[in-house]
Amino acid sequence: MNNDKKFHWFPFYYQAWMTDMNVQMLSHSEKGLYIDMLCSCFNEDGLPTDHKMLKRLFKCDDDDLQMVVTLFHERDGKLHNKKLDEIKAEQAEVSKKKSVAGKASAQARKAKRLAEATPVEQPLKSVATEAQQNPTSREEESREEERIEGEDIVGSEDPLELIWNNAPKKARERSSRKQLKTEWGKIKDKPSSDRLQDALNSWNKSQKWVDGFAEGIHRWIKNEQWFDLPEPKQEESAPNWNPVP
């Protein structure tokens, strides 16, 4: 499975881990090796098949490696894990749907603003309209519409303020405005405010952020995670963790 998109996390179900027979057959050192290999496999989209290279990469002995490597399968010249393949495919599908929805939402917002900003030709009247008599009333009305539209997330013309104001408390505590500005300056293809709003809405509903595990918000910018939209937190029973193909 070759996905151009690199994801930065995968779910870990501790109950499934503690009850899975294949995992319970591992020693403590083998379990540690297994976790390291899963993480590296997910990050690098596969592991080398050469055992000497694996021993050097993971600083392990032959006995541990011989046991743990049975939990992986070979495909396209690399070792893969069946469960990780399924997770990555699910994440890619969700990310694609979120991206399409985000672009559609951004286009709709843009079209709405253009429609509101474009004057409509009307027959000349001898009496001025209410908007002409009171030009500030339309501006106030427009600001009120933007406020109502932005109830889900605080709007801001400044993208840095938008990100900072809508980041969870933990993410702000683990960051600073200076770090935020520094990382933002490194982004070449900066997203629109609409894209940021949609992304922050999604992340604020994600299990990671809802459970208080948000990293510093400057790292969110560094990793350009408006492209990596997570699934919302769901209350459901954990699926069986069965890494053996």
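Colleague: How many residues does H6 have, and what does H6 reach from its first C-alpha to its last?

Modeller: Keep in mind that this is a predicted model. To read a helix's span, compare it with the span expected at 1.5 Å a residue. Here H6 has 36 residues and reaches 53 Å, close to the expected 52 Å.

Colleague: What sits at the start of H6?

Modeller: Look for a side chain reaching a backbone atom there. A side-chain oxygen of asparagine 81 comes to within 3.1 Å of the backbone nitrogen of lysine 83. Lys83 is itself one of the buried residues of H6, along with others including Ile87, Val94 and Ala106.

Colleague: And what do the buried residues of H6 pack against?

Modeller: They pack against helices H3 and H12 and strands S1 and S2.

Colleague: Which residues have the most contacts inside the largest nonpolar core?

Modeller: Tyr34, Met37, Leu38, Leu47, Phe58 and Phe72, in a core of 23 residues. Helices H3, H4, H5 and H6 each supply at least two residues of this core, and H3 gives the most, with 6. Another core, of 20 residues, lies apart from it, with Leu160 and Trp220 among them.

Colleague: Is asparagine 166 buried or exposed?

Modeller: Buried means under 20% relative accessible area. Asparagine 166 counts as buried because its relative accessibility is 9%. This residue belongs to helix H9, residues 159-166, and its side chain reaches the backbone oxygen of leucine 162 at 2.7 Å.

Note on methods:
Residues numbered from 1 in each chain as written. Predicted model: local features only at pLDDT ≥ 70, side-chain atom pairs only at ≥ 80, totals over all residues. Heavy atoms only, no water. Helix = DSSP H or I, 4+ residues; strand = E, 2+ residues; numbered from the N terminus. Buried < 20%, exposed > 50% of the residue type's maximum accessible area, 1.4 Å probe, protein only. Polar contact = N/O pair within 3.5 Å; in protein donor to acceptor, adjacent residues only side chain to side chain. Core = buried A, V, L, I, M, F, W, Y, C linked by side-chain atoms within 4.5 Å. Contact = heavy atoms within 4.5 Å.
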